[in-house]
Amino acid sequence: MAMYRYNASYVYIMYCSSDQFIGDGVQHINGDVWQFRGTSIINNTIAFLIQQYDLMETKNILWSGCSAGGQGVVNTLDIAHDYLREVRGRSIYEVNIEM
């Protein structure tokens with residue numbers, strides 16, 4: 001597996017958004033304020049990678065996640081595709097790749 005990762009970059013979004021990366025709003029529940037910002041997390045992460053690391057120049061991208069992150073992959077594929085239309089991509093969900 002290591003030879004396939006030669007010269008590759010790895011981005012890990014450590015925080016689970018608690019809304020499986022599909023929310024973008026605020027809810028008031030029993031007097032508490034709940035933030036659901038998964039869409040913003042994904043949009044800003046991709047925009048940052050495009051700006052700071054020239055992500056549009058990459059040849060391939062692997063979009064993956066495990067556990068709730070696997071569902072996040074399914075929920076965010078369209079967002080990623082909208083940003084990265086020219087990049088060849090694959091997605092894997094419910095995987096655990098030891099780095």
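A pocket here is an open set of grid points, on a 1 Å grid over the protein atoms alone, with protein on both sides within 12 Å along at least five of seven lines. I wrote that down before anything else, and I also noted that this is a predicted model.

**Entry: the whole chain**

I started with the overall layout. I found two helices and four strands, and going along the sequence I read the order as β-β-α-β-α-β. The chain has 99 residues, and buried ones make up 20% of them.

**Entry: the second largest pocket**

How much space lies in the second largest pocket? I looked it up and got about 190 Å³. Its lining is made by Ile61, Trp63, Leu77, Ala80, His81, Leu84, Val87, Gly89, Arg90 and Ser91. Strand E3 (60–65), helix H2 and strand E4 (88–93) are the elements that each give two or more residues to this lining. I sorted the lining by type and got six nonpolar residues, three polar and one charged.

**Entry: helix H2**

H2 covers residues 68–83, which is 16 residues. From first C-alpha to last it reaches 23 Å, close to the 22 Å expected at 1.5 Å a residue. Where does H2 bend? I found the bend at threonine 76, and it comes to about 50°. Thr76 is also on my list of buried residues in H2, together with Gly70, Gly72, Val73, Ile79 and Ala80. Ala80 was already in my notes as one of the residues lining the second largest pocket. A reminder to myself: an α-helix has 3.6 residues a turn, so residues three or four places apart point the same way.

**Entry: after H2**

Next I checked arginine 85, which sits in the loop between H2 and E4. Arginine 85 is exposed, because its relative accessible area of 52% is over the 50% cut-off. I also looked up how far it is from methionine 56: they are 29 residues apart in sequence, and their C-alphas are 9.1 Å apart in space.

**Entry: aromatic pairs**

How many aromatic pairs are there? I counted two. One is tryptophan 34 with phenylalanine 36: the ring centres are 6.5 Å apart and the planes are at 10°, so I put this pair down as stacked. Both partners are partly exposed, with tryptophan 34 at 44% relative accessible area and phenylalanine 36 at 22%.

The other is phenylalanine 48 with tyrosine 53, where the centres are 5.9 Å apart.

**Entry: positive phi**

Glutamine 20 has a phi near 55°, which is positive in a residue other than glycine. I placed glutamine 20 in the segment before strand E1 (25–29), and at 34% relative accessibility it is partly exposed.

Aspartate 54 also has a positive phi near 55°, and aspartate 54 is not a glycine either. Aspartate 54 lies in the loop between helix H1 (38–53) and E3. Is aspartate 54 exposed, partly exposed or buried? Its relative accessible area is 44%, so I marked it partly exposed, the class between 20% and 50%.

Note on methods: Residues are numbered from 1 along each chain as its sequence is written. This is a predicted model: local features need pLDDT of at least 70, side-chain atom pairs count only at pLDDT 80 or more; totals for chains, interfaces and linings use all residues. Side-chain values use heavy atoms; hydrogens and water are left out. The expected span of a helix is 1.5 Å times one less than its number of residues. The bend at a residue is the angle between axes fitted to the seven residues ending there and the seven starting there. Buried means under 20% relative accessible area, exposed over 50%, partly exposed in between (1.4 Å probe, protein chains only). On a 1 Å grid over the protein atoms alone, a cavity is a set of points where a 1.4 Å probe fits but cannot get out, and a pocket is an open set with protein on both sides within 12 Å along at least five of seven lines; lining residues have an atom within 4 Å of a point. Grid points are joined across faces, edges and corners, and a volume is the space filled by probe spheres set on the points. Ala, Val, Leu, Ile, Met, Phe, Trp, Tyr, Cys and Pro count as nonpolar, Asp, Glu, Lys and Arg as charged, and the others, Gly among them, as polar. Rings of Phe, Tyr and Trp (its six-membered ring) pair if their centres lie within 6.5 Å; planes under 30 degrees apart count as stacked, over 60 as edge-to-face and the rest as tilted.
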